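Hi,

Here is the structure I promised to pass on. Have a look at it first, and then read my notes below.

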Amino acid sequence: MSHRFNELCAWDRDHLLHPGTHIGAHARGELQTRVISGGKGVYITDKSGRTSLDAFAGLFCVNVGYGRQKIAEAIAKQANELPYYHAYDGHGTEAPITLSRMIIDRAPKGMSRVFFGLSGSDANETNIKLIWYYNNVLGRPEKKKIISRWRAYHGSTVMTGSLTGLELYHNAFDLPRTPILHTEAPYYFRRADATMSEEQFVQACVDKLEAMIVAEAPDTVAAFIGEPIQGAGGIIPPPTGYWAKVQSVLKKYDILLIADEVVSGFGRLGRMFGSDHYDIRPDLITISKGLTSAYAPLSGVIISDKVWQVLVKGSDQLGSIGHGWTCSAHPICAAAAIANLELIDEMDLITNARNIGAYLQSALTEALGDHGNVGEVRGDGLMAAVEFVEDRDNRILFDTSKKVGEQVAAALLERGVIGRALPQGDILGFAPPLCLTKHEADIIVESTVDAVNAVFATF
Ligand code: PLP
């Protein structure tokens, strides 16, 4: 290894607190730093010269793939012309204004305005504040609780970490905070009662949701938040009929719906939005990752006309809205997003996500569906998961201390492919860039089979 590489690793261990990392193991050097230095298409390269097929698109985000000159040039051009001006008090710059129009043109029906932030977490914070404001303006100050789901991932700030339904994000952080509640995840594979049909399970989830609303008192429940397909919690597509039934309960009690499309927005499911894909009619939509393919940090809340009308009424009563960030509607990030959305269209990536996604799902199912330690292969579009179990017939899970998912992900990396061991359960996730080819999908499947066989040969 070069002197420079060793120096970087030492500085990293000594000075950088990495997100989602065992910080003690990292600081002690037990977890080798991987310094990524380049990328092209679906491949990334590290400082030691090793190349990997990134079958998780970074963190479900580099949707157009690495090395897209068009986006790099748009960023450089904007930085040269005007790196920044704020968006407060009606100021604006050309790129975010153009981008808001492009987003509304692509959004599900009934959407009217976009507020820009910088991360999925801050966009969901915005959602919570807008919903509280909305109900205060409507004279319903008690209607403030937000129902999320176990296994949800909505961010890791104080309030969005509370919305998140994963233990790792709550433990020792004093989360979740009130007024956030969690209801059952639509996770049919892990249903408590194995004899339940999918239809009965959906009904049971919806009954639990309704019972929670009634127990809490409907006039205290403001909103329900859900990812159209659960992502970090296990890549869990909704069972048939789930969203239709959830929406009818929400409507009955006048509860707003937030669709968190941070992962599913802009094509990952083979449709522009997951809401259109699953027939969801949200009041607010969270967007981030696929908006810029993570070439620059940008997020947004897409606001329906219904909510917008109340916000307007609010500022007529209360004055300017007291919400925003210094870098809201940042022109460089917006320029990256415009180029990214144009590329998605020019390269027809949504059609590719649909076609190659279907191919990847069926190839993974064919290759691993009957394996004795594979409980389920599932997914939708270019999101796929393989869940490992100790005993397939009786759905017995592995002891978590064995870290089976992590072992398979490590074996896969040794074979040149990056999949992600999801944080709760032995679940290997895939969410490759939307430009994935059939040949690259074959590489993912062959390498995964090889890794799975190598790990389970040792059991
Ligand atoms: N919402 C969903 C569905 C996500 O998957 C994520 C991140 O993975 C977030 C919100 C939070 O986004 P960020 O990490 O940019 O704060």
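**What I found**

Let's start with Tyr253, which sits in the loop between helix H9 (242-252) and strand S8 (256-260). Helices (H or I, at least four residues) and strands (E, at least two) are DSSP runs, numbered from the N terminus. Before going further, please keep in mind that this is a predicted model: local features need pLDDT of at least 70, side-chain atom pairs count only at pLDDT 80 or more, and totals for chains, interfaces and linings use all residues. Residues are numbered from 1 along each chain as its sequence is written, and side-chain values use heavy atoms, with hydrogens and water left out.

Back to Tyr253: its relative accessible area is 16%, so it is buried. The cut-offs are under 20% relative accessible area for buried, over 50% for exposed, and partly exposed in between (1.4 Å probe, protein chains only). Tyr253 and Val377 are 124 residues apart in sequence, and their C-alpha atoms are 36 Å apart in space.

Two other pairs are worth a look. Thr286 belongs to strand S9 (residues 284-287) and is buried, with a relative accessible area of 0%. From Thr286 to Glu261 there are 25 residues along the chain, and 5.3 Å between the C-alpha atoms. Asp305 is in helix H11 (residues 305-318) and is partly exposed, at 36% relative accessible area. Asp305 and Arg113 are 192 residues apart along the chain, with 7.7 Å separating their C-alpha atoms.

**The ligand**

Which residues are around the ligand? They are Ser119, Gly120, Ser121, Asn124, Tyr153, His154, Gly155, Glu227, Asp260, Val262, Val263 and Lys289. To be near a molecule or strand, a residue needs one of its heavy atoms within 4 Å of it. Helix H6 (residues 120-137) gives the largest share of this shell, 3 residues. Sorted by class, the shell has 3 nonpolar, 6 polar and 3 charged residues. Here Ala, Val, Leu, Ile, Met, Phe, Trp, Tyr, Cys and Pro count as nonpolar, Asp, Glu, Lys and Arg as charged, and the others, Gly among them, as polar.

Some polar contacts to look up in the viewer (a polar contact is a pair of N or O atoms within 3.5 Å; within protein, one must be able to donate a hydrogen and the other to accept it, and residues adjacent in sequence count only if both atoms are side-chain atoms):

- Gly120 has a backbone N or O atom 2.9 Å from an oxygen atom of the ligand.
- Asp260 has a polar side-chain atom 2.7 Å from a nitrogen atom of the ligand.
- Lys289 has a polar side-chain atom 2.8 Å from an oxygen atom of the ligand.

On its own the ligand exposes 390 Å², and the protein buries 82% of that. Accessible areas come from the Shrake-Rupley method with a 1.4 Å probe; for residues, only the protein chains shown count as cover.

**Rings**

Rings of Phe, Tyr and Trp (its six-membered ring) pair if their centres lie within 6.5 Å; planes under 30 degrees apart count as stacked, over 60 as edge-to-face and the rest as tilted. This rule gives 11 aromatic pairs. One of them is the tilted pair of Phe56 and Phe60, at 4.5 Å centre to centre with 50° between the planes. Phe56 and Phe60 are both buried. Why does the pair of Tyr84 and Tyr85 count as tilted? The planes of Tyr84 and Tyr85 are at 40°, with the ring centres 6.5 Å apart, so the pair is tilted. Tyr84 is partly exposed at 29% relative accessible area, and Tyr85 is partly exposed at 38%.

Ring pairs also join Phe388, Phe398, Phe456 and Phe459 into a cluster. Elsewhere, Arg191 lies over the face of Tyr188, 4.0 Å from the ring centre. For a charge to sit over a ring, NZ of Lys or CZ of Arg must be within 6 Å of the ring centre and within 35 degrees of the ring normal.

**Backbone details**

The peptide bond from Leu175 to Pro176 is cis, with omega near 0°. Thr178 and Pro179 are also joined by a cis peptide bond, with omega about 5°. Pro176 is in the loop between helix H7 (158-163) and strand S6 (180-183), and Pro179 is placed in the loop between H7 and S6 too.

Cheers
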